[in-house]
Amino acid sequence: MDAMHTSNSDCMNRRKFIKYIGLTGAATLGAARGAQAQQKNPAEQSLAVLVDTTLCVGCRACEQACNEINPDLPIVPNDFFSDDSVFEHRRRMNASAFTVVNRYQPDKKDAPVYVKFQCMHCLYPACVSACLVGAMTRDAGGAVVYDEKKCIGCRYCMAACPFQVPAYEYAAALTPRVRKCTFCFKTRLIQGETPACVSACPMRVMTFGSRAELIALGHERIRKNPKQYIPHIYGENEAGGTTWMYLAAVPFEQIDLPNLGYHSLPGYTEPVQHALFKWFLPPLGLFAALAGAMWYNKRRNKNNDDTK
Amino acid sequence: MKKIIAAVAIITCAYSVLYAAQSTPEPAQEPAGSMDNATRAGHILLSLPGIQNGLTRPEVNFDHEKHSRALGETSCRTCHADNQGKGLIFTFPKNLPETDDEEILMNAWHNACIACHNERSLEDKQTGPITCGQCHIRKTTKAEHVPILPPYYEPVRDTYHGKCLNCHSEPMRSAEDAPMLDWKKFQILRGNPPEEQIPKAGFDYQRHALHSQTLDKDCGLCHYLPSQKQQELEDEGLTPQCRDWLLEPDPEGSWRKEDYAHTRCVNCHFTRTEAREIKTGPLLCGECHTATARTPEQMLDVVRSDCQQKEKILIRSKEITVMDAVPFNHAQHQLRTQACQDCHHNGIQPCHECHTKTGDEKAEFVTLAQAFHRESSSRSCVGCHETQKQKPECAGCHQQLSAPQAATGACATCHSNSLEALERIRKAAPPEDLIAPDVQGTWQIEKLGEDYAKVQFNHLEITQALKAVSDASPLARYFHTNDMTLCAGCHHYSPLEPKKKVPSCRTCHDTKPESMPGRPDLMGAYHQQCLGCHRTTGAAEEKMPQTCNGCHAHKQQ
């Protein structure tokens, strides 16, 4: 009899507990919506680059310029950047190269398509959101910058990035850093210059400017040459928008620009995470609810004992 | 000494005889091993539609040609069912169940193939495979898997990972998926070569003439008369003319449904062969599917079918009188098409019969003007001419120009209302007369960068090359109306007059990229224009360089 009693009260407890949790969850979601609405629009003042892949000839001058402007990147042999054999493999950004050009051949008959990859400098960067210590920050100008002094090497940014951009210095055992494109933020942007790759490109594949202007320019190019382009600017809305945007003649999936949807990635996680701890109210509520349940049960058990 | 000479002579003789003996069998072996058109046409990929993703084994690459050759040309009945005396039904197997149940269908195919192979093996005849893997051959072999390794990975030090495939399963089956996978998922670099398309059957004017001659101009064997027309002709006691005959459009055939060409063409050839008539057509795939496209020079020898068509006509509409008539050289266009159906639909009626001014249901509401001008159609004048401009030798200039037919006065090039315009065979003016004297020769393009030397640019040579391209094409000769037309590809937007200097590129293309958003700076403009043309033309590196060092020497090297 006694056992039955306790089990019954346990059951009640669990049910109530779930109920409380449900209530807290609903409150959190409500708060989350509010949080998202309050966020400022980062696209407003952002600088950006429009990459027109139909123009690129794969000369890799951008890779060379990037290597030269970043003195801590390894020194490579002089003829490395004129070596075409690198195109045989699909390459990714790594600790020794912040930008890579890959070659694609979507149609055997057509000329190959060259695509330059680097950090996309998202408007809502997932790496910034994932970073525990604030080593990744997004500058108002659009650059997503990394501070190695703050970094603890958890590599959450690498896992979070939908474009698989941040790389890690696995070879540097004592002082490993996360490595990625800096948008030439400290070296050139601050001095009013364009990023090194943009100014090195002989074909002027990349156009640097304000994001709103470049979006207008991209749509203008598509409108003027509807046959040449896929009528879409990749990055205008992808993952909430990026500051590096692409025009292409072939479907973007075929040149390794993934279909991410238009919702920003931190937009999925942050509202829940932030709201959970907003003014510490939901946790307080939870603890209060638990305390209430304890108090109620204690009283109930006491009453039961009294009646016995 | 004589002995030595004799010995050398004998050895040389022996060698040459041996060499000859070795080399003679080669041509005989070649047809078996080489992938000529005929063999390629014979490969037909068999797969049931809709269940590719659910297939546990790869599709069968069925070689129809091999089967027909092995069983003899008239062996169609072995696999295809009789159509109550009207030839054969070219679906497989003979009694294909009318169902969508994939398992029943699969079994029907398996039974038909394996039963025949079994039977022949019992009779000790040459036969085909019986076990699964012999027909369902996996096309990607393990040797083709080359993973992209992360840069810090040193294969030499790694003694743990011996063979990737010991642990990694094959992540994909098709070549399309391959570039999307990274090393974590075990990347495959070199996938299958893309499926080879079955070449088009080359039925053209020449084959039509051949059929017409062999079949004593019995048009009704292939063409049909609409019943209304037939009645009309009977009432008036006339014989049908070329214009009256129609051709059934060829629907897309599938494994379940027959298409027009196989039912008609192959059946006719087959029944005639079976009846042992002497003059009959081919039965093997590769004999029709040759994908031949005859050049205008070859077409000159082909007898022009006599449909009472005029050589040159003035196309004018009774309904629309606003525009002047268009002179049209029918004979010249016939040389550059493979069959009447390249322009006409299922007959050779004049366009306005179906395409009316405001659009008619018969022509799917495509108006008369659209029938001639629609860019997206390969049948319309403008559409076909647009595709001509995509040719490598033409695209270099034409991709730089925004639709020239939008220019003022462009309509009059075609709508000239005079047949004499067709006689206009104007050649491009010699470049020496057009280019201002001080920019004719070779000169150096100004220095823009630090690393590269100046470019030696030969203005005259390039213009002469453009003239050669233009003069070689009758279409270009007709439409390049102005002497300065050839200059407009590079000198866009600027006024062009003979012997007069044009504004320099620098006028619009500044050296500072920031000064003109959306417009390339001077370096970009040069590279985009030169390389843009060089790349589309796809000519040899020496002639039209596509690499940096092809145009300007690198200073460091």
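Helices (H or I, at least four residues) and strands (E, at least two) are taken here as DSSP runs, numbered from the N terminus. The structure is a predicted model, in which local features need pLDDT of at least 70 and side-chain atom pairs count only at pLDDT 80 or more, while totals for chains, interfaces and linings use all residues. Residues are numbered from 1 along each chain as its sequence is written, and chains are lettered from A and ligands numbered from 1 in the order in which they are written.

Two loop residues of chain A are considered together. Gln164(A) lies in the loop between α4 and β6 (167-168) of chain A, and Arg155(A) lies in the loop between β5 (144-146) and α4 (156-160) of chain A. Arg155(A) counts as partly exposed because it has 15 C-beta neighbours inside 10 Å. Gln164(A) is likewise partly exposed, with 15 C-beta neighbours inside 10 Å.

| Residue | Phi |
|---|---|
| Arg155(A) | near 65° |
| Gln164(A) | near 55° |

Most residues other than glycine have a negative phi, and most peptide bonds are trans.

## The sheet of chain A

An open sheet of three strands in chain A has the order β8-β1-β9, with mixed pairing. Its edge strands, β8 (206-210) and β9 (244-247) of chain A, each pair on one side only. From one strand to the next, the twist averages 25°; angles run from 0 to 180 degrees between N-to-C directions, and axes are lines fitted to C-alpha atoms, for helices over the stretch in contact.

Two strands pair if DSSP finds at least two bridges between them. Strand β1 (residues 47-52) of chain A pairs with β8(A) in the antiparallel sense over five bridges. Within this pairing, Ala48(A) stands opposite Gly209(A), and Val51(A) stands opposite Met206(A). The pairing of β1(A) with β9(A) is parallel, over four bridges, and there Val49(A) stands opposite Trp244(A).

How many residues of β1(A) are buried? Six of the six are, so β1(A) is largely enclosed by the rest of the structure. In a regular strand the side chains alternate between the two faces of the sheet. In β1(A), Leu47(A), Val49(A) and Val51(A) point one way, whereas Ala48(A), Leu50(A) and Asp52(A) point the other way. In β9(A), Trp244(A) and Tyr246(A) point one way and Met245(A) and Leu247(A) the other, and all are buried.

## Helix α6 of chain A

Helix α6 (residues 211-224) of chain A packs on the sheet, touching β1, β8 and β9 of chain A, and its direction makes about 135° with that of β8(A). Contact between two residues requires that their C-beta atoms, placed from the backbone, lie within 7 Å. The 14 residues of α6(A) reach 20 Å from first C-alpha to last, close to the 20 Å expected at 1.5 Å a residue; the expected span is 1.5 Å times one less than the number of residues.

Arg211(A), Leu214(A), Leu217(A) and Gly218(A) are buried in α6(A). Seen down the axis of α6(A), these buried residues fall within an arc of 115°, so they line one face of the helix; the arc is that of the directions from the helix axis to the C-beta atoms. They pack against β1, β8 and β9 of chain A. The face turned away from the buried side of α6(A) carries the exposed residues Glu220(A), Arg223(A) and Lys224(A).

## Domains of chain A

Domain bounds come from an automatic or database domain assignment. For chain A, the assignment gives domain 1 (47-126 + 160-265) and domain 2 (277-308). The centres of domain 1 and domain 2 of chain A, taken over C-alpha atoms, are separated by 56 Å.

## Chain B

The secondary structure of chain B comes to 21 helices and eight strands. Of the 557 residues in chain B, 10% are buried. Among the contacts in chain B with a separation of 6 or more, 50% are between residues 24 or more positions apart.

In helix α18 (residues 459-472) of chain B, Thr463(B), Leu466(B) and Ser470(B) are buried. They lie on the same side of α18(B), because they cover an arc of only 55° around the axis. What covers them includes α19 (474-479) of chain B. On the other side of α18(B), Glu461(B), Ala468(B) and Ala472(B) are exposed.

A cis peptide bond, with omega about -5°, joins Phe92(B) and Pro93(B). Pro93(B) is found in the loop between β4 (88-89) and α5 (102-122) of chain B.

Notes. A residue is buried if 20 or more other C-beta atoms lie within 10 Å of its own, exposed if 12 or fewer, and partly exposed in between; C-beta atoms are placed from the backbone.
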